[in-house]
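Please keep the picture open and find each residue as it is named.

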Amino acid sequence: MNYNLKKNLNSVNIYFLFLISILAIINFFLEIPSEYKYFFCFLLIATIGVSHGAYDGKKGEKLFYNKFKNWRFIFYFTYFTLAIFVLIIWYISPLVALITFLIVSSLHFGKEDLEIYLNKKYKHHLLIYFLKGSLIILLPLFFNFEKTNLIFNTILFSKNYVMLSNNNVKFILIINLSIQILFYLFIFLKKKLKRNDLIAIIFEIYLIVITFYLFNPIVAFTLYFCFMHSLKNILHISNELDPKLFKGLKIFLKQSLFLTLLTFFILFFCLLFLINFTFFENVAEKIIFIGLACLTLPHIILHYFSENY
């Protein structure tokens with residue numbers, strides 16, 4: 001991997017630490033109403049969070065332009081159909097859809113976080129990707145068990161469902177972190193992981209843990225998703241467009257702006273429509289997580305094909 005790219009990606013963690021420190025101070029001294037927090041989280045996810053996925057149109061063009069004359073229709077129709085398919089499955093069987101979404105998202109988050117450090121050919125990489133990504137699910141349950149279960153019940157259209165008991169969450173989290181740390185130390189001692197990369201991985205895990213400790217689940221997830229996951233993806237894509245950071249970012253913004261705005265207005269319209277039927281926080285949770293689930297399936301499938309074909 002390009003040295004400057006890895007340097008920029010590692011720098012994201014430093015800026016992220018600064019960001020959560022400032023927000024923690026603000027949160028300590030100011031009582032910000034829950035509705036404001038949720039609305040701000042919605043705005044961030046609907047813009048910065050989805051922006052790296054908005055580049056999927058260009059990825060689709062690279063894959064299908066020379067294969068189909070009407071590639072644009074085929075690509076967007078398939079992408080939209082997959083998103084609607086997830087929405088239908090969520091309506092028919094929300095628990096199956098949620099569990100699938102959590103598993104796929106864990107693999108996706110872990111892969112995006114770790115692939116710059118780990119050899120992709122390492123035979124246990126999928127397990128480690130899953131364990132790393134699943135921290136985004138386990139940590140809010142560990143630090144805010146009741147609030148996180150309320151979110152799960154909201155997006156499951158349920159009231160009293162408990163996915164994991166508090167004790168099970170603690171046990172699984174301890175096993176998760178233990179396996180990860182032992183694995184990283186093992187490949188470091190085998191000289192398959194550089195010292196700086198080991199430090200970067202452990203530091204990132206620390207940042208994720210402290211974020212979910214300091215903030216409520218929706219705020220913590222938004223901070224991770226927008227300013228760690230999405231931002232690193234944006235830098236990665238920008239580097240592919242132009243190795244010079246600001247030139248690459250400029251090209252990325254131009255090529256992803258239309259779909260980012262389109263996605264934002266669709267999500268915002270859904271927010272305005274659904275707010276007439278229930279509380280704002282519940283609407284925001286449904287749009288954020290069910291909306292991301294709908295976008296995740298076509299995004300990951302496209303990501304797979306762009307890497308392998």
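1. At what angle do the axes of helix H4 (residues 71–92) and H5 cross, and within what distance do they come? In this predicted model, the two axes come within 5 Å and cross at roughly 130 degrees. That angle makes H4 oblique to H5, because an angle has to be over 145 degrees to count as roughly antiparallel, while 65 to 115 counts as roughly perpendicular.

2. The residues that meet between these two helices are Ile89, Trp90, Tyr91 and Ile92 on the H4 side, and Pro94, Ala97, Leu98 and Phe101 on the H5 side. Sorted by class, the contact of H4 with H5 has eight nonpolar residues, with no polar and no charged ones.

3. Helix H9 covers residues 166–189, which is 24 residues, and it reaches 35 Å from its first C-alpha to its last, close to the 34 Å expected at 1.5 Å a residue.

4. Which residues of H9 are buried? They are Val169, Leu173, Asn176, Gln180, Phe183, Tyr184 and Ile187.

5. Turning to the rings, the structure holds 18 aromatic pairs. One of them joins Phe39 and Phe280 in a tilted arrangement, 6.3 Å centre to centre and with 50 degrees between the planes. This pair links distant parts of the chain, since Phe39 lies in helix H2 (residues 34–51) and Phe280 in helix H13 (residues 280–308), 241 residues apart. Phe39 counts as partly exposed because its relative accessibility is 33%, whereas Phe280, at 15%, counts as buried.

6. Another pair, Phe109 with Phe225, is edge-to-face, 6.2 Å centre to centre and with 70 degrees between the planes. This pair also links distant parts of the chain, with Phe109 in helix H5 and Phe225 in helix H11 (residues 217–241), 116 residues apart. Phe109 is buried, with a relative accessible area of 8%, and Phe225 is buried too, at 7%. Ring pairs link Phe109 and Phe225 with Phe221, Tyr224 and Phe289 into a cluster.

Key: Residues numbered from 1 in each chain as written. Predicted model: local features only at pLDDT ≥ 70, side-chain atom pairs only at ≥ 80, totals over all residues. Heavy atoms only, no water. Helix = DSSP H or I, 4+ residues; strand = E, 2+ residues; numbered from the N terminus. Expected span 1.5 Å × (residues − 1). Buried < 20%, exposed > 50% of the residue type's maximum accessible area, 1.4 Å probe, protein only. Axes fitted to C-alpha atoms, helices over the stretch in contact; angles between N-to-C directions. Parallel < 35°, antiparallel > 145°, perpendicular 65-115°, else oblique. Contact = heavy atoms within 4.5 Å. Nonpolar A, V, L, I, M, F, W, Y, C, P; charged D, E, K, R; others polar. Phe/Tyr/Trp six-rings, centres within 6.5 Å; stacked < 30°, edge-to-face > 60°.
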